[in-house]
Amino acid sequence: MIKPYIPAPTLLKGRVILVTGASQGIGREAAKLFAKYGASVILLARTVKKLEILYDEIEQAGFPTPAIYPMNLANAAPKDYEDLYKNIETHFGKLDGLLHNAAMLGTLTPIEHYTIEQWYQVLQVNLNSAFLLTQATLPLLKRSEDASIVFTSANEGFQGKAYWGAYGVSKFAIQGLMQTLANELEAHTAIRVNSINPIKVKTALRKNAYPAENNSSLPLPQDILSQYLYLIGPDSGGITGKNFDVA
Ligand SMILES: NC(=O)c1ccc[n+]([C@@H]2O[C@H](COP(=O)([O-])OP(=O)(O)OC[C@H]3O[C@@H](n4cnc5c(N)ncnc54)[C@H](OP(=O)(O)O)[C@@H]3O)[C@@H](O)[C@H]2O)c1
């Protein structure tokens, strides 16, 4: 990406983009930005109230009407992903972008004491749901002339770090999933697959991970989004299998 990135105002016109974890933090601001550039965004998270507020903001700004899709990735069954596929198929007929952004931190605990239930839950939300969602929506992404899947990585998923437990392990695995999928799809489809590591952003997740940190100088989600826009849109055509750190 050439900096500063100056996207065309209609960069995402006519595109349908699903964003997980759209109720707050990075996902919320990314979804709003995609809508600003012309995309119909599908907003997925658990907290309906927050999704409704975002829906209203997008409508009031005059951007394409979004869709709300409440879903708990911790306990969704394969049938729920099938239903999501059917809903998108009925309302939009295709999918051009998928931002896997939702994640939970779990607890910062030594492996020795990590509770089994929490281990399963973190891996379900951060990793297994990304597999299930990708598999369910691939037929819709294949209908797009230029589709992009973006996963979300983290520093703890490149270098193992004490106490980061299931969160760190899930992010290691997300890199594996991203690279495997990119390699599978590059020869036969117009789907590119990459990941973004947001490094340090002032969000609830960051606050939970570093409660004592003075976060006043951390970037806000809206400050780090140009790489998201670039990767989800057509300007990143041909780029696949790569991770990008944003700061
Ligand atoms: N902030 C950072 O410094 C940083 C650094 C590196 C990587 N990241 C990554 O960036 C991504 C976004 O993080 P963030 O900092 O913006 O975190 P955040 O503010 O805590 O947002 C997390 C989002 O995930 C959703 N989510 C959590 N559990 C869910 C579940 N069971 N089902 C459905 N949705 C669920 C939340 O929505 P509901 O609660 O409404 O469900 C929320 O919208 C994550 O993948 C994170 O690992 C962040």
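**Spaces and helix contacts**

Me: How do the residues of the lining of the largest cavity divide by class?

Reply: A cavity is a set of points, on a 1 Å grid over the protein atoms alone, where a 1.4 Å probe fits but cannot get out, and lining residues have an atom within 4 Å of a point. Ala, Val, Leu, Ile, Met, Phe, Trp, Tyr, Cys and Pro count as nonpolar, Asp, Glu, Lys and Arg as charged, and the others, Gly among them, as polar. By these classes, the lining of the largest cavity consists of eight nonpolar, six polar and one charged.

Me: Which pLDDT do local features need in this predicted model?

Reply: Residues are numbered from 1 along each chain as its sequence is written, and side-chain values use heavy atoms, with hydrogens and water left out. This is a predicted model, in which totals for chains, interfaces and linings use all residues, side-chain atom pairs count only at pLDDT 80 or more, and local features need pLDDT of at least 70.

Me: How much space lies in the largest cavity, and which element gives the largest share of its lining?

Reply: A search of the whole structure finds one cavity of 30 Å³ or more, and the space in the largest cavity is about 110 Å³, a volume being the space filled by probe spheres set on grid points joined across faces, edges and corners. It is lined by 15 residues, of which His100, Asn101, Ala102, Asn126 and Ala130 are the closest to its centre. Helix H4 (116-142), strand E5 (147-152) and H5 each give two or more residues to this lining, where helices (H or I, at least four residues) and strands (E, at least two) are DSSP runs numbered from the N terminus. The largest share, five residues, comes from H4.

Me: Which helix gives the most to the lining of the largest pocket?

Reply: A pocket is an open set of points with protein on both sides within 12 Å along at least five of seven lines, and the largest pocket holds about 890 Å³ of space. Its lining has 42 residues, with Asn101, Ala102, Ala103, Met104 and Leu205 the closest to its centre, and by class it has 21 nonpolar, 14 polar and seven charged residues. Helix H1 (25-36), strand E2 (40-45), helix H5 (165-186) and helix H6 (204-209) each supply at least two residues. With five residues, the most is given by H6.

Me: How are H1 and H2 arranged relative to each other?

Reply: Axes are lines fitted to C-alpha atoms, for helices over the stretch in contact, and angles run from 0 to 180 degrees between N-to-C directions. The axes of H1 and helix H2 (residues 48-60) cross at roughly 25 degrees and come within 10 Å. Angles under 35 degrees count as roughly parallel, over 145 as roughly antiparallel, 65 to 115 as roughly perpendicular and the rest as oblique. The arrangement of H1 and H2 is therefore roughly parallel.

Me: Which residues of H2 meet H1?

Reply: The crossing of H1 and H2 is right-handed, a crossing being left-handed if the near helix is turned anticlockwise from the far one by less than a right angle, and right-handed if clockwise. Contact means heavy atoms within 4.5 Å. On the side of H1, the residues are Arg28, Ala31, Lys32 and Ala35, and they meet, in H2, Ile53, Leu54, Glu57 and Ile58.

Me: At what angle do the axes of H3 and H4 cross?

Reply: The crossing of H3 and H4 is right-handed. Residues of H3 in the contact include Tyr81, Leu84 and Tyr85, and those of H4 include Ser129, Leu132 and Leu133. The axes of helix H3 (residues 78-91) and H4 come within 9 Å, at an angle of roughly 35 degrees.

Me: How many nonpolar, polar and charged residues has the contact of H4 with H5?

Reply: The axes of H4 and H5 come within 8 Å and cross at roughly 15 degrees, and the two helices are therefore roughly parallel to each other. Trp119, Val122 and Leu123 are among the H4 residues in the contact, and Gly165, Ala166 and Tyr167 among those of H5. By class, the residues are 15 nonpolar, four polar and no charged.

Me: Where is isoleucine 199?

Reply: Isoleucine 199 has a positive phi of about 60 degrees, although it is not a glycine. Its place is the loop between strand E6 (191-197) and H6.
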